[in-house]
2 protein chains.
Amino acid sequence: MNLPKKIQIREVGPRDGLQAEKNLVSTENKIELINRIFKCNIRMIEATSFVNPRAIPQLSDAEQVITRINRPVDSVVSALVGNSRGVQRAIRAGVEEIQVVISASEEHNRRNVNMDIIKSIQQLEGVVPEAFQSGVVVRAAIATAFGCPFEGEISIKQVLWLVGVFLEMGIKQVTLADTAGLGDPLLVSRVVGEIWNRYPNIELALHFHDTRGLGLANSLAGMQSGVTILEASLGGLGGCPFIPKATGNIATEDLVFMCEKMGVDTNVQLEEMLETARWLEKVIGRELPGRVMKAEASESCTPI
Amino acid sequence: MNLPKKIQIREVGPRDGLQAEKNLVSTENKIELINRIFKCNIRMIEATSFVNPRAIPQLSDAEQVITRINRPVDSVVSALVGNSRGVQRAIRAGVEEIQVVISASEEHNRRNVNMDIIKSIQQLEGVVPEAFQSGVVVRAAIATAFGCPFEGEISIKQVLWLVGVFLEMGIKQVTLADTAGLGDPLLVSRVVGEIWNRYPNIELALHFHDTRGLGLANSLAGMQSGVTILEASLGGLGGCPFIPKATGNIATEDLVFMCEKMGVDTNVQLEEMLETARWLEKVIGRELPGRVMKAEASESCTPI
């Protein structure tokens, strides 16, 4: 089995996880969450989102969070932005990276940002140069890259086209996001393979949701394809709080467990990660989907 | 990605799943469960266990279940047995296959069957010929083959040794069971690789628990290593009912979803499987860990 010796974990819980939480989490707890994640040795973090506070009230304290966290010198603090105002706010607050997003699916893009893909691209063409001029990295995510709940299958051609669009803007960091958990390991290896075949120098990251339980299998397939940046959310925070059974992101600590067990170095302190995930469950006030943090309790109970 | 064109699913819910359920399930519901699983086109099934009814009261109706289910002509109905009396009961009831088990871990074997591994082997040497004389297949499972909650790592040498012991008894069907969910994809590919390197003609099956969320990733690794018989439990039934958060077997329908999505033919009717899993949740009276059956509810809720 071909695996990378080392990968980087990009933590997205403070943004992708929290944005789905109906109950407001205090700014203090958000700051503590990010500080604790840094203490576990994670260095890439999507910390918040500079979007209209009315759209996502949970993340309306983005400036506070970015300016008050304790940032290790080698950290890459990122924030999601949607437009020029967001870019300006993020840069002013002092992020190292801004994250932009376009869906591979027209219908999902419309529902997510209320415009079609071409319009999204035009908007980015306006704001991306602004970000580069300020010296920040721009990372682009392709949402629904492995399937769309509204449109079904997404052609690899469509994903390749978007990668090309981003490259033309000067963006070299691209995240393929399985927004609805519709990807499978074979598809992951095909999409990654075709992208690197066409654009060998692009830096790919993968972002899997565990909606159908395939998140870690898809992460494995991504690593087998050579991808060394994997996104995850502490405790598996994310998904939709209005549908209690719906699961969201893969749990960072479960991904770390899988990697370290296979000898793939993540540099993450797993025990501290598990403690932080248990602390996060208390902050959020409900059970989170992460598995490894619950496994100890089941150790004593193992009939064949 | 190298995958088999076709695999066989071996359903273990009626035995491995139900035995962990504290609340008794009626014989009628067990029979309906198995009949429904057959209707989904699954043909290999571990239907019950002929062990001391005081040890596992849930499965004390083993004879009733085996004799009253509607068996398709091409089905392989299997039952777990622990001793000579169990073999006789199983054969009299009319199983096609008996399943025996030894743990790779001394400590786990002692806790599971109250004797050390050598004693277990001697007991099997007494009963296996009896089974073969009756014309049934004997399948041997190696429990804790990928790690033990009490002893930690299990050496591949120990697993290889047990496979050799089984082969000397004439057993050609061997299941490697990750009883405590401690395996990882790399370990799976190594163990399978070494076994087939030494014993190229053995028929291997894999049995994964999802305790740490790696069940499907491990199944993927198994298929990539060429294994074409995978065990799973409908709805993910299993684990320990006394620890609500502890998860057990991988969910059959999730495994089927992953396979079919990748074009690996299972011959299973996924939609009927999902319906049966939802029915099983009602029978058991609580939410089961299977993911795909819950995914539809989350379709309408997919922020990036």
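Which residues have the most contacts inside the largest nonpolar core? Hi everyone, that is where I'd like to start. Please keep in mind that we are looking at a predicted model. The answer is I142(A) and I142(B), and the core they belong to has 190 residues. As a general point, nonpolar side chains in soluble globular proteins tend to be buried together.

Let's look at the chain A copy. Setting aside neighbours within four places in sequence, I142(A) contacts I102(A) and A104(A), then V159(A) and L162(A), and finally V174(A), L176(A) and A177(A).

In α4, residues 84-93, the buried positions are G86(B), V87(B) and A90(B). These cover an arc of only 100° around the axis, so they sit on the same side of α4(B). What do the buried residues of α4(B) pack against? Their partners are β2 (44-50), β3 (76-81), β4 and α6 of chain B. After the helix comes G94(B), with a positive phi near 105°.

Helix α5 of chain B, residues 106-113, has H108(B), N109(B), N112(B) and V113(B) buried. Looking down the axis of α5(B), you find them within an arc of 100°, so they line one face of the helix. They pack against β4 (97-103), α6 (117-133) and β5 (137-143) of chain B. Just past the end of α5(B), N114(B) has a positive phi of about 65°.

That brings me to backbone angles. Most residues other than glycine have a negative phi. In chain A, N114(A) is not a glycine, yet its phi is positive, about 65°. You'll find N114(A) in the loop between α5 (106-113) and α6 (117-133) of chain A. Is N114(A) buried or exposed? It counts as exposed, because it has 10 C-beta neighbours inside 10 Å.

Compare T144(B), another non-glycine residue with a positive phi, near 50°. T144(B) lies in the loop between β5 and α7 (156-168) of chain B. With 30 other C-beta atoms within 10 Å, T144(B) is buried.

One last stop, back in chain A: G82(A), in the loop between β3 (76-81) and α4 (84-93). Not counting residues up to four places away in sequence, G82(A) touches V51(A) and V113(A).

Note on methods: Residues numbered from 1 in each chain as written. Chains lettered and ligands numbered in written order. Predicted model: local features only at pLDDT ≥ 70, side-chain atom pairs only at ≥ 80, totals over all residues. Buried ≥ 20, exposed ≤ 12 C-beta atoms within 10 Å, placed from the backbone. Helix = DSSP H or I, 4+ residues; strand = E, 2+ residues; numbered from the N terminus. Arc of directions from axis to C-beta. Contact = placed C-beta atoms within 7 Å. Core = buried A, V, L, I, M, F, W, Y, C linked by C-beta atoms within 7 Å.
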